[in-house]
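Please look through the following structure with care, and then read the report below it, which takes up a few of its features in turn.

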Amino acid sequence: MKEKIDLDLICDNWEAENETKQMEIFKKVIDEYSEFCNIDFRKENKFAHNDYEVFDSLFQLTIVKPQFFEKFHEILSKYGFNDKTYLDYAVKKITKNASNVQAFIDGLIDVGIIKDVYDIDNNSVNIESCLGKYNFFFADEYYIQNKEITNYIQNGDLNRNCHVNTIFMLKSLKNGEAVTAKCSTMFNNLYYHSYYRCDGMVCDLNINCVMNEKDYNKIYNPQIISVVAIDNLKEKQTRVKNDCKSTLEDLLGIAVYEEVSN
């Protein structure tokens, strides 16, 4: 009998390797900026649990206080920083109505990354930036007529639950596709991510966002691994169950299995 593929081990090893690379960069950036400022930012951020949280605090500080931006951005660029990360943060802050959203947007305008942010007639938001023009909707407004989806958004823990969110959308709407891809991080490492795609639009419930697929791809650069439709979902689930040892969420399990098989 053929031994089953251990998808958990494959996925865990890959994600651990990428996280290690990312954390090494966070450490280097913090160390260099601390030396430049002659401040121990780890001690200054005493509530941070790890270098990512220290880095994230510094990243946002250097945007809302643009006088700190130039040197920090110089250090980021040294490690291959992906400038589209600024747009990713801006979209997330807008769609999640973050408490510092206006200060963050104003900071990006001050340093010349964003030119303007404005609402337009169809209840969408436009961002004009030096990295392109992007238009997007709040997912809870885009699907306002669908109570099942709006209740899910209001009551669910959407953050870091992309595979569950996406399969929910596929089952709820019964058309379109559940896409699982490797997307680029701020330092161009990769992470597994799932989102719902239909008629040229992407719904990413993790960030309460619906965006034109072309714009979404420009920001997140997804390298698509698996595409699942409602009519082949059960078949793909069964294939993974028969061939693999796995406790991964269905879409992630399907994607890792197809990636290994190919």
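Helix α1 covers residues 7-37 and helix α3 covers residues 51-64; helices here are DSSP runs of H or I with at least four residues, strands are runs of E with at least two, and both are numbered from the N terminus. The axes of α1 and α3 come within 9 Å and cross at roughly 55°, where an axis is a line fitted to C-alpha atoms, for helices over the stretch in contact, and angles run from 0 to 180 degrees between N-to-C directions. The two helices α1 and α3 are therefore oblique to each other, since angles under 35 degrees count as roughly parallel, over 145 as roughly antiparallel, 65 to 115 as roughly perpendicular and the rest as oblique.

On the α1 side, the residues that meet α3 are M23, F26, K27, V29, I30 and Y33, and their partners in α3 are D51, Y52, V54, F55, L58 and T62, with contact meaning heavy atoms within 4.5 Å. The residues of this contact divide into nine nonpolar, one polar and two charged; Ala, Val, Leu, Ile, Met, Phe, Trp, Tyr, Cys and Pro count as nonpolar, Asp, Glu, Lys and Arg as charged, and the others, Gly among them, as polar.

## Salt bridges

How many salt bridges does a search of the whole structure find? The search finds 14, a salt bridge being a side-chain nitrogen of Lys or Arg within 4 Å of a carboxyl oxygen of Asp or Glu. One of them joins K27 to D31, with the closest N and O atoms 2.8 Å apart; because K27 and D31 are four residues apart in α1, about one helical turn separates them. K27 is partly exposed at 43% relative accessible area, and D31 is partly exposed as well, at 29%, where buried means under 20% relative accessible area, exposed over 50% and partly exposed in between, with a 1.4 Å probe and protein chains only. K27 and D31 also belong to a network of salt bridges that links them with R42 and D51.

In helix α11 (residues 233-243), R239 and E235 are four residues apart, about one turn of the helix, and their side chains meet in a salt bridge of 2.5 Å from N to O. In helix α10 (residues 213-220), K218 and D215 are three residues apart, again about one turn, and form a salt bridge whose closest N and O atoms are 3.7 Å apart. K218 is partly exposed at 36% relative accessibility, whereas D215 is buried at 11%.

## Two residues with positive phi

N208, which is not a glycine, has a positive phi near 55° and lies in the loop between β7 (201-204) and β8 (209-212). N221, also not a glycine, has a positive phi of about 45°, and its place is in the loop between α10 and β9 (223-228). Is each of these residues buried or exposed? N208 is buried, with a relative accessible area of 9%, whereas N221 is partly exposed at 42%.

Residues are numbered from 1 along each chain as its sequence is written, and side-chain values use heavy atoms, with hydrogens and water left out. As the model is predicted, local features need pLDDT of at least 70 and side-chain atom pairs count only at pLDDT 80 or more, while totals for chains, interfaces and linings use all residues.
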